[in-house]
Structures are given as C-alpha cells and as structure tokens.
Amino acid sequence: MPTLIAYTDGACSGNPGPGGWGVLMQARDGDTVVKTRDLKGGEAQTTNNRMELMAAIMALETLSRPSAITIVTDSAYVKNGVTGWIHGWKKNGWRTAAKKPVKNADLWQRLDAAQLRHDVTWQWVKGHAGHPENERADELARAGMTPFKPARAGP
C-alpha cells in the first residue's frame, strides 16, 4: 500500500489581497514516487492564513475515500492550530481563551470536518528553505493566485 503525502502551501499578494493555495499530492512506495497530482486555486480577496488553511482542506476534501495521509505544511499557524488550539476552540464554542471569536473559524471548522474521515499525520517543514516538494507547493499556490491578480499596465 503506497504512503500518501500532501505538501501544502498558501500565498498572498498583499495581506489581505489576491491569494492562492497549492497542494502537491504524492503516493510513495518507500522513497519512490509512484503517482503525483497537483491541486491549486485562489481567491480575489483573502489572507495568507486563509490560503494555508484552504490548501490543507483541499488536500483532504479531494480524497475520494478515507485514507491515511501525512500533510506537510510550512505554516505553524495551521500545524499548531489543528494539532493543539482547535480542541480548546471547540470546547469554548469557537472562541479563544480570551473569549474572542476564532479568526477563520469557518475554515477551521471545514478542516476539522475534512480530517475526521482520514487518519492524518501533520508535519511542519521550514518554508523557502530548499525543500523541493514544499517549493513545488509554493509554485502551485502562486499559480493559483495568478488569475486573481490585477493585470499590470504596459510600458
């Protein structure tokens, strides 16, 4: 049975501004990649954190059946949120310890629901540090943002 890994990334031009998300999905047999799939998308007005969340959500929602998957993200916000903070937020009715509404609660709830179907392992990797799969996810995120960026004026 191949191992499934999703490398996820988000990008934003301005924060808020046009944004994109990207996912490099890989099925591996040991060190050998047996199948890859690229996913990308974006929004006209968003934030970097929302795009990081969307990448993880889309990696999980794209799977047609319950799966064991490792999600590799360069976002400490996503990794720490989904493995730690989310438990308190849910207990507190989607409020922080300071009793303020959780930012991006709509996407956190969607991510929480998406991961229930799967056996998910979360890993953090340093972004923009020469990690080839993370760099590819970043390229996909920037490509997902492109249709939403304003056209540049000519010379």
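**View A. The lining of the largest pocket is made up of eight nonpolar, six polar and three charged residues.** In this grouping, Ala, Val, Leu, Ile, Met, Phe, Trp, Tyr, Cys and Pro count as nonpolar, Asp, Glu, Lys and Arg as charged, and the others, including Gly, as polar. The structure is a predicted model, in which local features need pLDDT of at least 70 and side-chain atom pairs count only at pLDDT 80 or more, while totals for chains, interfaces and linings use all residues. Residues are numbered from 1 along each chain as its sequence is written, and side-chain values use heavy atoms, with hydrogens and water left out. A pocket is an open set of points on a 1 Å grid over the protein atoms alone where a 1.4 Å probe fits, with protein on both sides within 12 Å along at least five of seven lines, and lining residues have an atom within 4 Å of a point. Points are joined across faces, edges and corners, and the volume is the space filled by probe spheres set on them. The space in the largest pocket comes to about 520 Å³. Its lining comprises 17 residues, of which Leu 4, Ala 27, Leu 63, Arg 65 and Ser 67 are the closest to the pocket centre. Two or more lining residues come from each of β1 (3-12), β2 (17-29) and β3 (32-46); here and below, strands (E, at least two residues) and helices (H or I, at least four) are DSSP runs numbered from the N terminus.

**View B. Strands β1 and β2 run antiparallel and are joined by 10 bridges.** Strands are said to pair if DSSP finds at least two bridges between them. Within this pair, Thr 8 stands opposite Val 23 of β2. The two strands form a hairpin with four residues between them, and Gly 14 in the turn has a positive phi of about 90°. Pro 16 also belongs to the loop between β1 and β2, and the peptide bond that joins Asn 15 to Pro 16 is cis, with omega at about 15°.

**View C. Strand β2 also pairs with β3, in the antiparallel sense and over 12 bridges.** Gly 17 has Thr 46 in β3 as its bridge partner. In the hairpin of β2 and β3, two residues lie between the strands, and Gly 30 takes a positive phi near 65°. Because 12 of its 13 residues are buried, β2 is largely enclosed by the rest of the structure; buried means under 20% relative accessible area, exposed over 50%, and partly exposed in between (1.4 Å probe, protein chains only).

**View D. Helix α1 (residues 48-61) is mostly covered, with 11 of its 14 residues buried.** Among the buried residues are Arg 50 and Glu 52, as well as Met 51, Leu 53, Met 54 and Ile 57. The end C-alpha atoms of α1 are 20 Å apart, which agrees with the 20 Å that its 14 residues should span at 1.5 Å a residue, where the expected span is 1.5 Å times one less than the number of residues.

**View E. The largest nonpolar core has 32 residues, and Ile 69, Trp 108, Leu 111 and Trp 122 have the most contacts inside it.** Two or more residues of this core come from each of β1, β2, α1, β4 (68-73), α2 (76-91), α3 (105-116) and β5 (119-124). Helix α1 gives the largest share, nine residues. A nonpolar core is a set of buried Ala, Val, Leu, Ile, Met, Phe, Trp, Tyr and Cys residues joined through side-chain atoms within 4.5 Å. In soluble globular proteins, nonpolar side chains tend to be buried together.

**View F. Strand β4 pairs in the parallel sense with β1, over five bridges, and with β5, over six bridges.** Leu 4 stands opposite Ile 69 of β4, while Thr 70 has Thr 121 in β5 as its bridge partner. Strand β4 is mostly covered, since five of its six residues are buried.

**View G. Trp 94 and Asn 104 lie in the loop between α2 and α3.** Although Trp 94 is not a glycine, its phi is positive, at about 60°, and with a relative accessible area of 18% Trp 94 is buried. Asn 104, likewise not a glycine, has a positive phi of about 65° and is buried, with a relative accessible area of 16%. His 87, in helix α2, counts as partly exposed at 47% relative accessibility. The C-alpha atoms of His 87 and Ala 98, 11 residues apart along the chain, are separated by 15 Å.
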